[in-house]
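Here are my notes on the model you sent over.

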Amino acid sequence: MAYAWCFLLFMIGLYCAVVKKNMVKIVIGIIIMEYAVNIFLIMLGYQIGGVAPIVGRAELGAIDKVSQAFVSNCVDPLPQALVLTSIVISLGSLALMIAICIRTYERYGTFDITEIRRLRG
Amino acid sequence: MNVPLPLFVAIPLVVAFFLPILSGSGKKAKALATLLANLATLSLLVMAVLALGRTQDIQVYEIGRWSIPVGINLVLDGLSSLLLLAIGVVSSASMLFSTRYMEQYTARAKYLSLFMLMVAGMNGVVLSGDLFNLYVFLEVASIASYALVGFGCDNEELEASFKYMVLGSIGSAFILFGIGLVYGNTGTLNMAYASRLIQSTGLNPGLGFALSLFVAGFGLKAAIVPFHAWLPDAHPSAPAPISAMLSGILIKALGIYALSRIIFNVFGVSVTIGWLLVVLGLISMVAGAFLAIGQWDFKRLLAYSSISQVGYIVLGIGLGAALLAQGHPAWASLALLGGLLHLINHAVYKSLLFLTSGSVEMSTGTRQLKQMGGLAGKLPFTRAACTVASASIAGVPPFSGFWSKLILVIAAVQAHLYWVAAIIVFVSLCTLIMYLKVQRYVFLGELPENLRQIKEHTGSMLVAMAFLAVLCTFMGLLVIVPCLRAVVLTPAVKVLTDGLLYAANVIG
């Protein structure tokens with residue numbers, strides 16, 4: 001069910017990026033898409049009642065007893081690492097996109113892409 | 001022979017981050033920065049040549065000595081080394097060309113730095129054996145290319161850059177979504193292990209959806225026809241050497257290479273996906289050619305022609321996938337040979353064409369075909385280079401384009417797809433028409449009044465064009481001479497025809 005909501009969010013972002021006429025709204029649509037993908041990645045690794053995948057020094061003595069339950073209850077740490085990377089990447093492209101938006105606004109005085117049409121189809 | 005794989009990414013990255021230090025306005029700083037960047041691209045070319053010729057074994061490098069699947073690995077096999085060679089050739093020629101050409105622009109160090117970042121990203125994509133690592137390098141190359149398209153900061157360039165960036169980001173989001181689905185279904189990001197798991201469990205609906213997301217995402221990066229809208233704006237707007245990089249190699253490294261690696265080596269070929277690629281390729285070929293003939297802007301015409309030529313490559317690879325899935329490995333390898341040969345051919349002659357367009361634009365100050373004419377006498381070397389490239393792309397026999405198209409036609413005929421062969425020949429004729437148009441309006445005819453005084457720019461621009469023109473003329477030897485073919489093309493074809501054996505080869 002949660003995956004369906006996540007996919008819905010992705011489609012909302014895609015719709016916004018494709019249909020909207022305002023450059024800033026297009027950028028927001030793309031960001032929504034990226035957030036939807038990030039949430040999806042987080043959900044892949046998460047489980048309800050999960051524990052952090054860390055074994056403390058104190059528990060080392062009993063490691064062979066806890067390991068079965070520990071492994072099956074652990075939250076997968078890999079998607080979280082992926083999400084961190086992907087957030088940094090989307091930050092980079094977001095900064096560039098907004099910079100381009102600002103430069104375009106300085107030139108044309110509008111954010112409406114139907115009026116920014118020097119290039120033919 | 002073994003080459004240190006991390007250097008392919010490390011050299012351009014280090015140079016890219018070192019160059020902004022030299023951003024002082026002094027002439028010496030500029031010359032030093034340019035020299036460094038040229039040395040970096042040349043050393044990458046030399047390393048790519050040394051990396052050629054691995055027929056059997058695969059070189060695997062585990063980053064930080066973390067063994068796979070826990071760590072990330074770089075994999076060098078035949079297909080990667082072919083792409084590395086193409087990246088090396090195109091980037092060194094473009095870099096040499098920009099030495100002179102970029103004197104019209106300011107911010108030299110930033111330009112060179114972005115250029116090197118793009119090269120680092122492409123080399124990383126080609127070498128990566130890990131899906132998420134591939135995505136990271138793909139974004140490095142893409143973001144550098146978005147910035148380079150808008151480098152001139154004129155109205156058109158900003159607009160084209162925005163359009164490119166929006167569609168490119170949507171493509172990247174699709175790809176990341178697909179990677180997430182692969183991880184959710186197989187529990188690994190390593191291509192070899194994912195491939196092994198997919199082999200043992202088969203495709204479930206989640207993986208099928210991931211595959212369709214990959215086709216759409218990498219299709220956007222490669223500008224295959226339903227996803228091509230950004231290319232005719234983005235490629236002409238960039239400075240000429242960057243257009244050469246984008247059209248010559250970026251769409252192939254990020255789009256076609258990644259797509260064929262994932263289809264052939266991770267998911268395994270099927271008749272459906274093969275035919276999907278054949279149909280997409282045919283549509284791209286025909287639509288790109290028709291749209292190109294009507295263009296009056298020199299670089300825009302070249303950009304549309306890129307869509308058409310990418311169609312040939314996708315057609316060859318799709319035909320190979322379909323034939324492989326139907327159990328005809330001999331014909332499949334012929335189709336793949338045609339597709340891959342066309343890939344490197346197109347990398348060479350399309351970058352040469354964009355460089356000649358840059359030379360013409362720098363001399364005349366215009367890109368409109370109707371405002372030019374009679375430049376044959378004024379720009380003799382550019383004219384010669386452009387003629388060689390046009391003959392290659394149109395498929396005139398001794399030049400390189402002829403051989404790849406011939407192989408594709410033979411493969412289509414052997415598969416009893418006579419109509420495909422007919423379309424290949426027909427689009428080739430359309431290509432001939434569009435380049436005759438270029439010759440007619442740019443180099444022949446009446447010289448306009450205002451262009452009487454122009455001069456050809458010499459020096460590094462000519463060297464770059466001569467280098468690519470010589471390659472164009474003699475690339476046919478790659479197929480004809482058996483020992484060259486065994487070193488360059490056969491290993492790459494073998495990687496694709498081996499398909500799922502990739503997993504066993506990498507894991508060992």
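1. Start with A:Met43, which sits in helix α2 of chain A. Bear in mind that this is a predicted model. Is A:Met43 buried or exposed, or something in between? It has 16 C-beta neighbours inside 10 Å, so it counts as partly exposed; the cut-off for buried is 20 or more. Setting aside neighbours within four places in sequence, A:Met43 is in contact with A:Ala2, A:Tyr3 and A:Cys6. As for A:Glu106, it is 63 residues from A:Met43 along the chain, and their C-alpha atoms are separated by 41 Å.

2. Next, the place where the two chains meet. Chain A puts 27 residues into the contact and chain B puts in 26. On the chain A side, the elements giving two or more residues are α1 (2–19), α2 (23–45) and α4 (78–108). Which of them gives the largest share? That is α4(A), with 12 residues. By type, the chain A side that touches chain B divides into 18 nonpolar residues, five polar and four charged.

3. Now chain B as a whole. Its secondary structure comes to 20 helices and two strands. The C-alpha trace spans about 70 × 55 × 45 Å along its principal axes. A compact globule of 508 residues would have a radius of gyration near 23 Å, and chain B has 22 Å, so the two agree. Buried residues make up 62% of the chain. Among contacts in chain B between residues at least 6 apart in sequence, 80% join residues at least 24 apart.

4. The largest nonpolar core has 226 residues, and B:Met116, B:Leu352 and B:Cys472 have the most contacts inside it. Helix α10 (residues 240–267) of chain B gives the largest share of this core, 19 residues. What does B:Leu352 touch, beyond residues up to four places away in sequence? The list is B:Ala385, B:Ala389, B:Met465, B:Leu468, B:Ala469 and B:Cys472.

5. Several of those names come back in helix α17 of chain B, residues 460–474. The buried residues of α17(B) are B:Met461, B:Ala464, B:Met465, B:Leu468, B:Ala469, B:Leu471 and B:Cys472. Seen down the helix axis, they fall within an arc of 160°, so they line one face of α17(B). They pack against α3 (78–101), α13 (329–364), α14 (380–394) and α15 (400–414) of chain B. The length checks out too: at 1.5 Å a residue, 15 residues should span 21 Å, and the end C-alpha atoms of α17(B) are 22 Å apart, which agrees.

6. After α15(B) comes B:His416, with a positive phi near 60°.

7. Finally, some backbone geometry to look at by eye. Most residues other than glycine have a negative phi, and most peptide bonds are trans. In chain B, a cis peptide bond joins B:Ile68 and B:Pro69, with omega about 5°. B:Pro69 is in the loop between β1 (59–62) and β2 (73–76).

8. B:Ala107 has a positive phi of about 55° although it is not a glycine, and it is found in the loop between α3 and α4 (108–127) of chain B. B:Ala223 has a positive phi of about 60°, again without being a glycine; its loop lies between α8 (205–222) and α9 (231–237) of chain B. Which is buried and which is partly exposed? B:Ala107 has 13 other C-beta atoms within 10 Å and is partly exposed, whereas B:Ala223 has 26 and is buried.

Key. Residues numbered from 1 in each chain as written. Chains lettered and ligands numbered in written order. Predicted model: local features only at pLDDT ≥ 70, side-chain atom pairs only at ≥ 80, totals over all residues. Helix = DSSP H or I, 4+ residues; strand = E, 2+ residues; numbered from the N terminus. Expected span 1.5 Å × (residues − 1). Buried ≥ 20, exposed ≤ 12 C-beta atoms within 10 Å, placed from the backbone. Arc of directions from axis to C-beta. Contact = placed C-beta atoms within 7 Å. Nonpolar A, V, L, I, M, F, W, Y, C, P; charged D, E, K, R; others polar. Rg over C-alpha atoms; globule rule 2.2 N^0.38 Å. Core = buried A, V, L, I, M, F, W, Y, C linked by C-beta atoms within 7 Å.
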